[in-house]
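Please look over the sequence and the model shown below. The report that follows describes the surroundings of a ligand and then the chain as a whole.

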Amino acid sequence: MLQDERVQLVSVVTPTGTHIDIGTRVLDSGRHLLLEKPLDVDLARALGVASVGWWRSQAYYDSAPWRGTWAQDGGGALMNQGIHTLDLLLWFLGEPVRVTASSRRIAHQRIEVEDTLAAVVEFSSGALATVHATTAAYPGLAARLQIMGTTGSAIIEHEGLSYLHLANNTHVGDMGLHGAGNQVIAPNHACHRDATTNASGHARQFADLEDAVRSGGSPLATIADAVKTLATIHAIYRAASTGVAVELAEVIASPTFSPYRVGAAEHHVQR
Ligand SMILES: NC(=O)C1=CN([C@@H]2O[C@H](COP(=O)(O)OP(=O)(O)OC[C@H]3O[C@@H](n4cnc5c(N)ncnc54)[C@H](OP(=O)(O)O)[C@@H]3O)[C@@H](O)[C@H]2O)C=CC1
Ligand SMILES: O=C1CO[C@H](CO)[C@@H](O)[C@@H]1O
């Protein structure tokens, strides 16, 4: 394919552990590249280039030998499903500096990675975020990003804004405006799309990349963004494996990732 002069852009949708190798070959050939998430399983390789409730059955993990492995999937519920919401979280809150985390395998077998994880992420601004990622939440509820600040709050579920309340330069009150009529529910319910069955997000990303190529500009989502997300995930996994807080700077300075043994829940459900 890379010998064919008609090919200008390549979209790489192979197992995660192959992304940087194949992506580098695409870039070296002078083609534009659209690379699926996650950037790769290996942060060191990637640096060289530059509340989430999902449900996945045991059959999903059994459907290909690379799924649920550290080597090719790179992680579990956070690396594969929660990653989209984490991307958005970092886009909203900026530079993550420190994380703490716990992970488990609660509802699946024959996988090396977590199906449930909880983490706290601290940002350079002082903001704190809690992150939940799971594929054990039957039947799979909305992936939710909730941002709460002193002058406003917003909730994004799937790809849609489902709640927004901004102080809008008015007095915010000593006790808040809880429960009052001026809590604004975003009216656009058409935005409630199931990201797993709706490809409009991918279509918008292709359109954005096409605009960037034609105008010579930069696409909205870059390799640098993907590196930041991957580094944060590796920091979270390192914290989950050691039980102590991990600085993002440590992970960037020493990006080698050691797969760890994810503990199974005591009352493991057999499926
Ligand atoms: N952004 C999003 O919403 C989504 C992103 N993804 C990402 O896309 C990637 C693929 O996932 P998914 O489509 O579910 O995986 P599948 O296992 O369904 O497909 C993987 C494809 O890659 C091919 N392949 C396997 N090994 C290699 C290799 N070593 N070199 C080249 N090609 C290979 C397979 O070919 P063959 O069948 O011949 O082995 C198959 O065509 C993952 O990184 C995943 O995280 C996935 C779903 C949604
Ligand atoms: O689990 C899978 C891998 O990640 C995708 C999300 O990006 C899912 O849609 C897919 O089913």
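For the classes used here, Ala, Val, Leu, Ile, Met, Phe, Trp, Tyr, Cys and Pro count as nonpolar, Asp, Glu, Lys and Arg as charged, and the others, Gly among them, as polar. On that basis, the shell around ligand 2 holds two nonpolar, four polar and two charged residues. This is a predicted model, in which local features need pLDDT of at least 70 and side-chain atom pairs count only at pLDDT 80 or more, whereas totals for chains, interfaces and linings use all residues. Side-chain values use heavy atoms, with hydrogens and water left out.

Eight residues surround ligand 2, and the closest are Lys 37, Arg 56, Tyr 60, Gln 81 and His 84; a residue is taken as near a molecule if one of its heavy atoms lies within 4 Å of it. Helix 4 (residues 77-93) gives the largest share of this shell, three residues, helices being DSSP runs of H or I with at least four residues and strands runs of E with at least two.

The polar contacts below are pairs of N or O atoms within 3.5 Å.

| Side chain | Distance to an oxygen atom of ligand 2 |
|---|---|
| Tyr 60 | 2.7 Å |
| Gln 81 | 2.4 Å |
| His 84 | 2.4 Å |

Taken alone, ligand 2 exposes 290 Å², and the protein buries 72% of that, with accessible areas computed by the Shrake-Rupley method and a 1.4 Å probe.

The chain contains seven helices and 10 strands. Of its 271 residues, 37% are buried, that is, under 20% relative accessible area.

How values were computed:
Residues numbered from 1 in each chain as written. Chains lettered and ligands numbered in written order. Polar contact = N/O pair within 3.5 Å; in protein donor to acceptor, adjacent residues only side chain to side chain. Buried < 20%, exposed > 50% of the residue type's maximum accessible area, 1.4 Å probe, protein only.
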